[in-house]
Amino acid sequence: MNRLIKAIRALLPNCKQAIRLQSDALDRPLSTSQWLGLRLHLAFCKWCVRYGEHIKFLQIAAQCHEHDHRQEQAMPPEARERIKRALKSRKD
Amino acid sequence: MKRTEDDSNLPRAAAKTPRDLSDPEQWVDLYGNFLFKYALTRLRDPNKAEDAVQETFLAAIKGGKSFRGRSEEKYWLVGILKNKIYDDFRRRNRETSFTDLEFYSDEESDRFVTDGSGAGSWIHKLGPEVWPNYGESLDNERFWKTYHDCAGRLPEKVATVFNLREVDGLETKEICALLNISENNLWVMLHRGRMALRRCLETNWFGKL
């Protein structure tokens with residue numbers, strides 16, 4: 001019985017490992033044992049479940065941030081003028 | 001947006017109807033800010049960003065493109081800009097490594113139990129908090145100010161890989177080929193970047209709601 005418990009323990013990631021696995025899962029497929037271990041851990045750990053939700057939210061936020069016009073940074077006027085001049089001379 | 005004042009050296013044949021964008025200078029007015037912001041996010045240097053934007057417009061002119069102010073044109077220009085930026089990454093990584101394994105290397109170890117049977121578990125009071133209605137934050141301008149500040153705190157290489165993965169959607173293989181880094185180093189940087197960004201948002205926004 002002890003051996004079985006030890007084997008299950010070896011399969012189960014701790015929180016540090018679980019959050020790394022959740023991050024990796026966004027970038028690569030997990031192995032079957034990694035995936036199983038993670039799902040088991042998440043069944044019992046609300047903190048790691050929250051962590052997973054949060055980093056998935058970051059993906060959405062990162063994309064929205066890119067497209068959000070309110071974050072638009074104006075090109076400095078000098079830069080704008082330099083580019084216009086460069087385009088003009090290229091046209092001529 | 002302000003139009004340029006000086007029209008005197010434009011050929012008379014270029015008739016000025018409201019949507020006639022045959023003058024490349026108008027493209028700069030119309031698309032310049034958007035392209036600049038895109039380049040600045042990735043290159044972090046305003047001079048490099050300006051160069052990249054200029055080269056983008058020049059490449060567009062060379063391609064004989066005529067513009068009508070349609071929204072697809074913006075994304076076509078971004079496509080050119082993106083490739084120029086990727087070329088810049090490829091060139092750069094030959095001299096300097098794109099790996100940063102120092103940032104956030106402790107991975108918040110002070111928030112985890114260190115010994116005993118519970119080693120590696122969150123210390124309950126220090127673990128991730130509930131973020132109430134986090135989706136709604138996306139509509140809040142002050143959230144975006146906070147997000148912008150937090151994202152800005154990521155060091156250059158970590159920010160770059162984060163953007164390539166989460167915004168540009170490049171796969172692991174593509175990023176590693178582009179930046180000449182190993183898969184594991186990429187995943188470590190992404191993990192630490194996400195950890196740091198999550199922590200920053202929790203401390204400065206969600207934890208204060």
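This is a predicted model: local features need pLDDT of at least 70, side-chain atom pairs count only at pLDDT 80 or more; totals for chains, interfaces and linings use all residues.
Helices here are DSSP runs of H or I with at least four residues, strands are runs of E with at least two, and both are numbered from the N terminus.

Residues are numbered from 1 along each chain as its sequence is written, while chains are lettered from A and ligands numbered from 1 in the order in which they are written.

**The two chains overall**

- Chain A has a radius of gyration of 24 Å (taken over C-alpha atoms), well over the 12 Å that the globule rule gives for 92 residues, so chain A is more spread out than a compact globule. That rule is 2.2 Å times the number of residues to the power 0.38.
- Along its principal axes, the C-alpha trace of chain A spans about 85 × 25 × 15 Å.
- Of the 92 residues in chain A, 25% count as buried; for chain B it's 31% of 209 residues. Buried means that 20 or more other C-beta atoms lie within 10 Å of the residue's own, exposed means 12 or fewer, and partly exposed is in between, with C-beta atoms placed from the backbone.
- In chain B, 68% of the contacts between residues at least 6 apart in sequence join residues at least 24 apart. A contact means that the C-beta atoms of two residues, placed from the backbone, lie within 7 Å.

**Where the chains meet**

- On the chain B side, 41 residues are in contact with 39 residues of chain A.
- Helices α1 (24-43), α2, α4 (141-152), α5 (156-166) and α7 of chain B each supply at least two residues to that side, and α1(B) gives the most, with nine residues.
- Sorted by class, the chain B side has 24 nonpolar, nine polar and eight charged residues. Ala, Val, Leu, Ile, Met, Phe, Trp, Tyr, Cys and Pro count as nonpolar, Asp, Glu, Lys and Arg as charged, and the others, Gly among them, as polar.

**Helix α2 of chain A**

- This helix covers residues 15-25, and its buried residues are C15(A), A18(A), I19(A), L21(A), Q22(A) and S23(A).
- Those buried residues pack against α3 (32-44) and α4 (46-67) of chain A, together with α7 (183-204) of chain B.
- α2(A) and α3(A) pack at an angle of about 120 degrees, with their axes 10 Å apart. Axes are lines fitted to C-alpha atoms, for helices over the stretch in contact, and angles run from 0 to 180 degrees between N-to-C directions.
- The two helices are therefore oblique to each other (under 35 degrees is roughly parallel, over 145 roughly antiparallel, 65 to 115 roughly perpendicular, and the rest oblique).
- A18(A), L21(A) and Q22(A) of α2(A) meet Q34(A), L38(A) and H41(A) of α3(A), giving three nonpolar, three polar and no charged residues.

**Helices α2 and α3 of chain B**

- α2 (residues 46-62) and α3 (residues 71-92) of chain B pack at about 125 degrees, with their axes 9 Å apart.
- α2(B) and α3(B) are therefore oblique to each other.
- Their contact involves, among others, A52(B) and V53(B) of α2(B) and L77(B) and I80(B) of α3(B).
- By class, that contact has eight nonpolar, one polar and two charged residues.
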